[in-house]
Amino acid sequence: MPLPDLDDLIAEVDRTCDTAHRAATSLEQPDWLALLTTAAGVAGQLQSLADDLVEDYVEHCRMHGHSWTDVGAALGVTRQAVQQRFQAPHKRYGPETMTGDLRLAMTHVKRAAVQHRNNYIGTEHLLWGLTAEANSATRLLRSLEVSPDDIHRAVGARFSVGASQAAERIAWTPYSRRAIAIAEERACEEGHEGVEGREGAEPLIDCHHLLHGLARTGRGVAATVLAEAGLDLSAL
């Protein structure tokens with residue numbers, strides 16, 4: 001995958017900065033401060049993307065038994081430095097936090113990752129699982145005049161085949177973790193019925209909550225497929 005070079009990034013800044021050339025004529029300079037602000041925003045997005053990439057592989061290394069000393073050596077920093085940056089634990093979402101429909105969707109999620117020999121669960125796997133069978137997510141899509149079957153086919157076409165043999169130790173990507181964290185927040189906002197219907201129990205995360213999380217994350221394959229299908233985030 002070719003990375004953007006500096007000329008590409010400068011062209012993107014020039015193209016996306018709305019105010020830089022608004023008052024300029026052939027004899028005037030553009031608004032260089034406005035361009036600088038836009039450039040800083042682009043640089044921040046690139047840095048965030050780079051951080052997510054490294055975080056994903058740090059988690060895989062830790063899952064597969066590598067010490068913090070090993071991880072620090074691979075990154076060229078000390079064990080203390082890498083722990084300070086990456087050691088914050090990620091919340092785990094077990095079956096007891098999900099409705100029956102979402103637990104069923106997760107079996108499709110895991111199956112897709114294993115069949116494509118992927119060592120990660122990305123947003124594409126989550127969207128694939130959500131649209132594999134009828135549930136609250138597919139009903140929500142239909143209510144917004146988006147075909148779940150079309151989404152399912154579109155996301156299936158985006159899968160890439162990897163080389164992983166580890167069917168049981170598959171890490172969620174940063175975007176996937178972000179999506180389910182948003183889904184949990186959404187479930188709490190809706191006051192979804194608690195575990196086993198018991199009063200006072202934590203709300204269960206359902207399929208439409210995770211669909212909302214994928215859309216709200218705004219990054220990753222799932223967000224791209226949903227946007228290309230014409231899904232309006234504000235409608236969610």
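User: R153 first: is that one buried or exposed?
Analyst: Exposed, at a relative accessible area of 55%. Here buried means under 20% relative accessible area, exposed means over 50%, and partly exposed is in between (1.4 Å probe, protein chains only). Bear in mind that this is a predicted model: local features need pLDDT of at least 70, side-chain atom pairs count only at pLDDT 80 or more, and totals for chains, interfaces and linings use all residues. Residues are numbered from 1 along each chain as its sequence is written, and side-chain values use heavy atoms, with hydrogens and water left out.

User: Which side chain does R153 meet in a salt bridge?
Analyst: D150, at 2.4 Å from N to O. The rule for a salt bridge is a side-chain nitrogen of Lys or Arg within 4 Å of a carboxyl oxygen of Asp or Glu. R153 and D150 are both in helix α8 (residues 148-156), three residues apart, or about one turn of the helix. D150 counts as partly exposed, at 44% relative accessibility.

User: And how are helices and strands called here?
Analyst: They're DSSP runs numbered from the N terminus: H or I with at least four residues for helices, E with at least two for strands.

User: OK, how many salt bridges does the count come to?
Analyst: Eight. One of them joins D51 and R85, whose closest N and O atoms are 3.0 Å apart. D51 sits in helix α2 (residues 32-63) and R85 in helix α4 (residues 79-86), so this pair ties together parts that are 34 residues apart in sequence. D51 is partly exposed at 29% relative accessibility.

User: What about R186, which side chain does it meet?
Analyst: R186 has a salt bridge with E190, 3.9 Å from N to O. Both belong to helix α9 (residues 174-190), four residues apart, which is about one turn of the helix. R186 is partly exposed at 23% relative accessibility, and E190 is partly exposed too, at 40%. There's a network as well: salt bridges that share partners join R186, E189 and E190.

User: Staying with α9, at what angle does it cross α2?
Analyst: Roughly 95°, with the axes coming within 9 Å. The axes are lines fitted to C-alpha atoms, for helices over the stretch in contact, and the angles run from 0 to 180 degrees between N-to-C directions. α2 and α9 are therefore roughly perpendicular to each other. For the labels, under 35 degrees is roughly parallel, over 145 roughly antiparallel, 65 to 115 roughly perpendicular, and the rest oblique.

User: Which residues make that contact?
Analyst: L49, D52, E55, D56 and E59 from α2, and P174, Y175, R177 and R178 from α9. Contact means heavy atoms within 4.5 Å. By class, the α2 contact with α9 has three nonpolar, no polar and six charged residues. Nonpolar covers Ala, Val, Leu, Ile, Met, Phe, Trp, Tyr, Cys and Pro; charged covers Asp, Glu, Lys and Arg; the others, Gly among them, are polar.

User: Switching to the largest nonpolar core, which residues touch the most other members?
Analyst: L102, L127, L130, L210 and L226, out of 30 residues in that core. α5, α6 (123-130), α7, α8, α9, α10 (207-217) and α11 (221-228) each supply at least two of its residues. A nonpolar core is a set of buried Ala, Val, Leu, Ile, Met, Phe, Trp, Tyr and Cys residues joined through side-chain atoms within 4.5 Å.

User: What does L102 touch?
Analyst: Leaving out residues up to four places away in sequence, L102 touches L130, I205, D206, C207 and L210.

User: And A215, buried or exposed?
Analyst: A215 is buried, at 14% relative accessibility, and lies in helix α10. A215 and I182 are 33 residues apart in sequence and 9.8 Å apart in space, C-alpha to C-alpha.

User: Backbone next. What's up with phi at R117?
Analyst: R117 isn't a glycine, yet its phi is positive, about 55°. R117 falls in the loop between α5 (100-115) and β1 (120-121), and it's partly exposed at 36%. E145, also not a glycine, has a positive phi near 60°. That residue is in the loop between α7 (136-143) and α8, and E145 is exposed at 76% relative accessibility.

User: Last one: what does the secondary structure of the protein chain come to?
Analyst: 11 helices and two strands. Of the chain's 236 residues, 37% count as buried. Among contacts between residues at least 6 apart in sequence, 66% join residues at least 24 apart.
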